[in-house]
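Student: Hi! Could you walk me through this structure with me asking as we go?
Tutor: Happy to, here it is.

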Amino acid sequence: MIPEKIKAAFLVGQMDMEVRTIPVPEMPPGGALIKVHSTGLCGSDINRIRYTTSDEARVLGHEMTGEIVMIDPNVTDYKVGDHVAVGHVHIPCMHCDYCRHGSPAMCRQFKEVRVDPGGYAEYVALTHDHLAHSVIKIPEGVSDAAATFIDPLGCCLRAVYKSKVRPFDKVVVVGNGIMGQLFVMLLNQMQVEVIAVDISEYRLQKAKGFGAAHILKSDNGKLEEEILKITEGKGVDTVFLTFLNQASLDNALAYVRDGGNLCVFAPPVHELELKMDYFSFFRRELHMFSSYSSHIDEIIDTMQWITSKKVDVEKLITGTSDLDNLLDTVKNLTEEDFKIIVNP
Ligand SMILES: [Zn+2]
Ligand SMILES: [Zn+2]
């Protein structure tokens, strides 16, 4: 039985949320209605909850999985009862110049398509485009909670593909929060030698457990020296910056090898304009790129990493929350939290 009214957690201001009762979202033509089982609490949601300057009430949550409870009879790829994961709440058009050149997240249509109302709700309506380009069935043996990782792990996989890292490369992963730990797990499985760098000893020890060959405290004053020692004086092939500020950028430029890669995987913290020695950047033939979001192809690959448990994402789930406790959960996050799963 689909209820007429459902609960949804609205962000209504900075560190301010309200659980409201709203009409069940309407299923669009060609779309489906899902009962949400698990939605990952994403770092981007945490930042919006902490720092939003908007007081427009909205429902966040995009790393969602659930069960199809209603579907347009013309849709044949899915049926009622299927467990599905939503790779993206935004959908690219798949045929504009951005899409055709491999940048679907830059598609001008991308952010115009959303789900109604958002993953922190009991039910969510998906459009026909979601079913065609973003939703995948959750394979047997994969939990709904694990399947929520197709979004964050898909973003890491895209960055790894863009970096063209090869087996036996040496790389640094800066920042060992949830995204950093996913990089460590993934790169370790790809036979890449990972040096994890973080300020938190707790997170470094976790990274070691997940396969980092070396762990280094970012504030020990000897980062460059130690990384050069590990790499016989050359520096690392690639740096994944999941934490970006002037200091982490300066450090990365010092320990990346000549001709190496810098992947900017996070927005800068506090200061938007960072400085760099462009003469050295030019002469050293460094390659710097950003990676944001992921593509349906990467999402399909990601599900295989999850299903095979080669990247055992469940090990990163450190807590659960319901809608009523979501704000308190965000308030009480510590360095020991990686992924919180919200069960509406
Ligand atoms: Zn996310
Ligand atoms: Zn497009």
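This is a predicted model: local features need pLDDT of at least 70, side-chain atom pairs count only at pLDDT 80 or more; totals for chains, interfaces and linings use all residues.

Student: Which residue is the bridge partner of N261 in β13?
Tutor: That's H287.

Student: And what is the strand order in the open sheet?
Tutor: The order is β10-β9-β8-β11-β12-β13, six strands with parallel pairing. At the edges sit β10 (214–217) and β13 (287–290), each pairing on one side only. From one strand to the next, the twist averages 20°.

Student: Nice. Which strands does helix α6 lie across?
Tutor: Helix α6 (residues 178–189) lies across β8 (170–174), β9 (193–198) and β11 (236–241), and its direction is at about 165° to β8.

Student: What about helix α8, which strands does that one lie across?
Tutor: Helix α8 (residues 223–230) lies across β8, β9, β10 and β11, running at about 165° to β10.

Student: Switching topic: what coordinates the zinc ion (ligand 2)?
Tutor: The SG atoms of C93, C96, C99 and C107 do, at 2.3 to 2.4 Å. Along the chain, these donors follow the spacing C-x2-C-x2-C-x7-C.

Student: Why is the arrangement around the zinc ion (ligand 2) tetrahedral?
Tutor: Because the four donor atoms subtend angles of 105 to 115°, and the cut-off asks for all angles to lie between 85 and 135 degrees.

Student: Is C93 buried or exposed?
Tutor: C93 is buried, because its relative accessible area is 15% and buried means under 20%. C99 also counts as buried, at 11% relative accessibility.

Technical notes:
Residues are numbered from 1 along each chain as its sequence is written. Chains are lettered from A and ligands numbered from 1 in the order in which they are written. Side-chain values use heavy atoms; hydrogens and water are left out. Two strands pair if DSSP finds at least two bridges between them. Helices (H or I, at least four residues) and strands (E, at least two) are DSSP runs, numbered from the N terminus. Axes are lines fitted to C-alpha atoms, for helices over the stretch in contact, and angles run from 0 to 180 degrees between N-to-C directions. Contact means heavy atoms within 4.5 Å. Donors are N, O and S atoms within 2.8 Å of the metal (3.2 Å for Na, K and Ca); water is not among the atoms, so sites may look incomplete. Four donors count as tetrahedral if all angles lie between 85 and 135 degrees; four count as square planar and six as octahedral if opposite donors are over 155 degrees apart and all others between 65 and 115; anything else is irregular. Buried means under 20% relative accessible area, exposed over 50%, partly exposed in between (1.4 Å probe, protein chains only).
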